[in-house]
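I opened this chain to note how it is put together. The entries below follow the order in which I looked things up.

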Amino acid sequence: MARTRGLLALGAALLVSSSGAVAAQPAHAVNERSANLVTYYHWGQEDNFSAVTHLDHSAARGGGYQWIRTYEAWVHMDPVDVNRQRPLILFYNSARGDYISTATDDGIASALSAGYVRKGVQGYVWKDRQPGTVPLHQYWNQEREDNFAAASPEGIASAQSADYRWIRVEGYVRPGTAL
């Protein structure tokens with residue numbers, strides 16, 4: 001009987017301590033659902049497309065885009081800290097045949113003023129550099145009328161070698177490596 005009470009007390013103590021440990025987690029450890037920002041390219045339209053959601057991937061494949069790079073970056077699917085993150089929004093311009101993924105007020109204003117239509121939120125990026133993050137760069141190629149979001153060394157090198165001009169940092173993301 002005493003042993004049973006002792007085991008029950010130990011079990012209750014473990015339950016209390018484990019529930020306290022969960023409650024004590026830092027905000028960045030809660031809701032860490034992430035997805036790859038994947039780069040697609042349409043050779044005929046000379047358009048880069050950064051896909052994150054299932055709808056993005058369906059649009060890319062259905063639109064004749066070819067997969068280029070899986071691990072461009074990792075973005076949060078849900079906001080972890082609404083005061084320090086902002087949504088990464090996908091826009092499309094049918095006249096140009098161009099997609100843009102942007103998170104800044106300047107990027108959104110530029111997309112809307114150039115006739116782009118909002119397609120949806122792709123995920124969430126950090127406003128400022130956080131430990132373990134890298135910048136998500138926005139590039140533009142005037143000749144192709146193409147926007148290109150890049151965070152990986154390969155993506156950045158690709159943009160620069162194809163004469164894309166650096167525009168801004170959209171936010172900060174985890175590097176595009178396999179988890």
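Among contacts in the chain between residues at least 6 apart in sequence, what percentage join residues at least 24 apart? I found 68%, with contact taken as heavy atoms within 4.5 Å.

Entry 1, ground rules. The model is predicted, and I kept to its limits: local features need pLDDT of at least 70, side-chain atom pairs count only at pLDDT 80 or more, and totals for chains, interfaces and linings use all residues. Residues are numbered from 1 along each chain as its sequence is written, and side-chain values use heavy atoms, with hydrogens and water left out.

I read off four helices and nine strands; helices (H or I, at least four residues) and strands (E, at least two) are DSSP runs, numbered from the N terminus. Their order along the sequence is α-β-β-α-β-β-β-α-β-β-β-α-β. The chain has 179 residues, of which 42% count as buried. Buried means under 20% relative accessible area, exposed means over 50%, and partly exposed lies in between (1.4 Å probe, protein chains only). For the accessible surface I noted about 9700 Å², with 57% of that belonging to carbon and sulfur atoms; the areas come from the Shrake-Rupley method with a 1.4 Å probe, and for residues only the protein chains shown count as cover.

I looked up residues 34–42 and found eight of the nine buried, so β1 is largely enclosed by the rest of the structure. For its partners I used the DSSP rule that two strands pair if there are at least two bridges between them. With β3 (residues 66–76), β1 pairs in the antiparallel sense over seven bridges, and Leu37 stands opposite Ala73 there. With β2 (residues 47–51), β1 has five bridges, again antiparallel; here Thr39 has Ser50 as its bridge partner. β1 and β2 make a hairpin with four residues between them, and Glu46 in the turn has a positive phi of about 50 degrees.

I counted as a core a set of buried Ala, Val, Leu, Ile, Met, Phe, Trp, Tyr and Cys residues joined through side-chain atoms within 4.5 Å. The largest has 13 residues, and those with the most contacts inside it are Leu37, Val52, Val75, Leu88, Val125, Leu136 and Val173. β1 and β3 each supply at least two residues of this core. A second, separate core of eight residues includes Val38, Ala60, Tyr65 and Leu90. I then listed the contacts of Val125, leaving aside neighbours within four places in sequence: among them are Val75, Leu88, Ala103, Leu136, Tyr172 and Val173.

Which residues of α2 (residues 54–62) are buried? They are Asp56, His57 and Ala60. Just after the helix, Gly64 takes a positive phi of about 85 degrees.

Entry 6, salt bridges. I found six, each being a side-chain nitrogen of Lys or Arg within 4 Å of a carboxyl oxygen of Asp or Glu. Glu46 and Arg144 form one, with the closest N and O atoms 3.9 Å apart. This pair links distant parts of the chain: Glu46 is in the loop between β1 and β2, Arg144 is in the loop between β7 (134–141) and β8, and they are 98 residues apart. Glu46 is partly exposed at 33% relative accessibility, as is Arg144 at 24%. Arg69 and Glu72 form another, with the closest N and O atoms 2.5 Å apart. Arg69 is buried at 14% relative accessible area, and Glu72 is buried at 0%. Arg168 and Glu170 form a salt bridge at 2.8 Å between the closest N and O atoms, and both residues are buried.

I placed Ser152 in the loop between β8 (146–150) and α4 (153–161). Is Ser152 buried or exposed? Ser152 is buried, with a relative accessible area of 4%. Not counting residues up to four places away in sequence, Ser152 touches Arg69, Tyr71 and Glu72.
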